[in-house]
There are 2 protein chains.
Amino acid sequence: MVDKKSIGVVKTQFFDFDGLTLESKEKLGPVTIAYETYGELNPNNSNAVLLLHALSGDAHAAGFHEGEDKPGWWDDLVGPGKAFDTQKYFVICSNILGGCKGSTGPSSIDPATGKPYALDFPSITIGDMVNAQLKLIDHLGIKKLLAVAGGSMGGMQALEWLAKHNERIQSAIVIATALRHSPQQIAFDEVGRQAVMADPNWKSGRYYEGPLPSRGLTVARMIGHITYMSDTSMAEKFGRQRKNGIEPFKFTADFEVEGYLRYRGDSFVKRFDANSYLYITKAMDNFDASGGKNFHEVLKGVRAKVLVIAFKSDWLYPSYQSKEIVKACKLAGVDATYCEVNSTYGHDAFLLETQQETHLITHYLKKVSSK
Amino acid sequence: MVDKKSIGVVKTQFFDFDGLTLESKEKLGPVTIAYETYGELNPNNSNAVLLLHALSGDAHAAGFHEGEDKPGWWDDLVGPGKAFDTQKYFVICSNILGGCKGSTGPSSIDPATGKPYALDFPSITIGDMVNAQLKLIDHLGIKKLLAVAGGSMGGMQALEWLAKHNERIQSAIVIATALRHSPQQIAFDEVGRQAVMADPNWKSGRYYEGPLPSRGLTVARMIGHITYMSDTSMAEKFGRQRKNGIEPFKFTADFEVEGYLRYRGDSFVKRFDANSYLYITKAMDNFDASGGKNFHEVLKGVRAKVLVIAFKSDWLYPSYQSKEIVKACKLAGVDATYCEVNSTYGHDAFLLETQQETHLITHYLKKVSSK
């Protein structure tokens with residue numbers, strides 16, 4: 001049995017390039033992309049896997065940063081002997097364009113003004129994020145990725161790779177996502193944006209030198225957290241348990257679930273930029289993997305293989321959306337495998353059901369890399 | 001065939017009384033309860049039906065106010081020849097205690113200060129709302145109601161009547177509700193409250209003389225609206241339709257669904273008090289029809305009959321919560337009828353599936369009143 005260990009201490013690296021033309025035709029530059037790599041690239045550069053993070057993720061997918069206790073966001077899946085086995089694969093993860101964890105985004109300095117872009121940052125798309133990833137892959141000397149893999153917005157990026165750059169990938173692992181957002185998904189994002197923009201500290205995005213729009217972003221994140229969990233997982237985690245002690249204020253957090261949401265909201269604002277939240281959620285809402293066509297037409301002739309994973313209790317990205325992806329693959333003659341995992345965790349399952357994912361991904365990558 | 005007409009022009013009335021002792025033991029007084037009645041009380045006072053409104057409802061259930069175009073919130077169900085047939089029944093609807101539509105609530109004048117109560121208004125419960133309704137029923141000379149009926153929070157009040165005052169009712173019509181809120185339901189309410197309280201205009205509730213916390217309340221209402229609709233009804237209503245014209249601002253409402261939510265949020269703040277929103281949602285979260293016991297023990301010996309209606313696509317008050325009510329009735333030997341209506345409207349179905357409800361309620365009231 002392989003010992004499943006942590007990859008250990010890792011360091012974020014930075015790739016700078018002149019810039020890129022966005023899907024909107026606007027030019028953005030210079031651009032920095034923050035990334036991490038785990039494992040070694042093999043001599044013929046054929047063992048690289050690109051991980052794609054979700055809304056609030058970053059380049060730090062695995063291991064530990066010097067002096068920190070908290071591992072990367074997919075640490076259970078990345079390391080020696082794990083699903084993305086760093087003894088076999090060269091694993092890359094980069095912070096998305098528009099993000100706030102080292103890659104160029106609205107909080108970066110606009111060279112034209114010497115101040116943060118704020119809303120002068122151009123609108124970005126999932127396609128732009130993937131185009132920046134392509135530059136990074138080129139820079140690392142990789143012609144073809146063994147796999148791209150991600151959940152939620154990471155799954156959207158995987159679909160974008162599949163639709164537009166399938167000659168550069170052998171496979172796509174597409175988890176808990178959709179070809180496009182339903183009105184309900186757009187609605188939840190929009191309420192989050194409204195909450196941010198309703199905060200007077202937001203100041204039309206020009207808050208970098210003053211107090212941050214923390215209360216608005218906290219509310220947005222709280223909404224997010226409800227949609228990431230399931231009715232069942234909330235009931236299991238909190239029940240109707242009341243918090244200890246009674247505070248004098250009438251609208252205090254009486255129930256455990258209220259305290260938890262406030263805590264999660266509060267901790268989020270310390271590590272995330274409110275403008276990035278606006279840009280990224282808008283990119284998700286605007287995304288349509290099929291570009292207005294039928295997705296099976298887009299996929300015609302694609303030779304990359306696809307693994308689609310959905311979770312039973314995920315009501316934010318319900319499994320019918322994953323089945324639409326699989327159906328389009330089948331119609332287009334693309335080799336697609338589908339698995340609906342029996343989980344009560346809701347959408348969060350893509351980060352939490354790591355045992356099930358380990359099983360599925362380990363075998364899938366073995367199959368793909370043996371070809 | 002009976003002609004289903006509007007009840008016509010109606011007028012809100014006001015019932016004033018000295019006050020009442022709340023479940024918290026605090027005293028509140030004087031109290032005004034706004035109410036409307038439709039139809040005539042029969043000579044032996046046995047044909048009265050009390051309608052119970054939801055979070056944002058009011059006493060105006062049917063007909064038109066002088067000079068207004070918009071009928072009451074359940075107009076399709078209340079009138080001559082309708083489900084609550086005003087040729088047969090004396091129909092009463094009152095605004096809840098804690099509300100802002102004529103009944104005493106946090107926006108009412110505190111006699112101790114001559115200013116609105118704001119957060120000096122005591123915490124209220126669903127039980128307190130029902131106790132105020134009891135005073136009104138006494139005032140109207142009604143010993144026993146033929147039925148109490150309501151959806152959502154109205155259903156909670158119906159359950160409270162059933163649990164605590166069942167000797168005063170012949171039947172309870174309990175629609176799209178729950179014995180108690182799940183953590184997910186509490187969570188949605190809490191985010192709404194946080195959105196209100198995050199608005200700097202809220203000023204710890206003392207906003208009555210200045211600008212209102214409109215942006216916060218708008219966000220709260222937007223969250224509410226998402227939970228009132230279903231994934232399907234949103235898809236049918238909006239699809240991914242974009243709004244006409246492109247506005248220069250990046251985070252404008254691109255999609256129809258965004259514009260709709262903003263509109264619904266904006267129009268809500270014009271007619272609803274933010275503090276009432278806080279008090280009422282908290283009352284819903286604190287409600288537990290079983291008072292910590294098993295509900296079937298509470299119901300032992302109850303002779304009132306129960307009709308429980310749920311809607312298939314209602315994910316805010318899922319049908320399993322209605323089935324819990326029915327199960328408890330059955331265990332306690334209470335005469336209970338259950339119907340799960342096949343609707344795509346989500347929780348809003350209790351206001352929209354009026355044809356189905358008409359069918360169910362018409363026959364149910366006929367059965368109950370024939371005994």
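Good morning. In helix H9 of chain B, the buried residues are Ser319(B), Gln321(B), Ser322(B), Ile325(B), Val326(B), Ala328(B) and Cys329(B). A residue is called buried if 20 or more other C-beta atoms, placed from the backbone, lie within 10 Å of its own, exposed if 12 or fewer do, and partly exposed in between. Helices (H or I, at least four residues) and strands (E, at least two) are DSSP runs, numbered from the N terminus.

Please note that this is a predicted model, in which local features need pLDDT of at least 70 and side-chain atom pairs count only at pLDDT 80 or more, while totals for chains, interfaces and linings use all residues. Residues are numbered from 1 along each chain as its sequence is written, and chains are lettered from A and ligands numbered from 1 in the order in which they are written.

H9(B) covers residues 319-332. Its 14 residues reach 20 Å from the first C-alpha to the last, close to the expected 20 Å; the expected span is 1.5 Å times one less than the number of residues. What do its buried residues pack against? They meet strand S14 (171-175), helix H8 (295-298), strand S15 (305-311) and strand S16 (336-341) of chain B; contact requires C-beta atoms, placed from the backbone, within 7 Å. Just after H9(B), Gly333(B) has a positive phi of about 75 degrees.

I turn now to the two chains together. Their contact takes 39 residues from chain A and 39 from chain B. On the side of chain B that touches chain A, H3(B) gives the most, with 12 residues.

How do H4(A), residues 214-228, and H3(B) cross? Their axes, which are lines fitted to C-alpha atoms over the stretch in contact, come within 10 Å and cross at roughly 170 degrees. Angles run from 0 to 180 degrees between N-to-C directions. H4(A) is therefore roughly antiparallel to H3(B), since angles over 145 degrees count as such, under 35 as roughly parallel, 65 to 115 as roughly perpendicular and the rest as oblique. Among the residues making this contact are Val219(A) and Ile223(A) of H4(A), and Phe188(B) and Val191(B) of H3(B).

Finally, some backbone details. Most residues other than glycine have a negative phi, and most peptide bonds are trans. The bond from Gly29(A) to Pro30(A) is cis, with omega near -10 degrees, and the bond from Gly29(B) to Pro30(B) is cis, with omega near -10 degrees. Ser204(A) has a positive phi near 50 degrees. With 10 C-beta neighbours inside 10 Å, Ser204(A) counts as exposed.

Methods: Contact = placed C-beta atoms within 7 Å.
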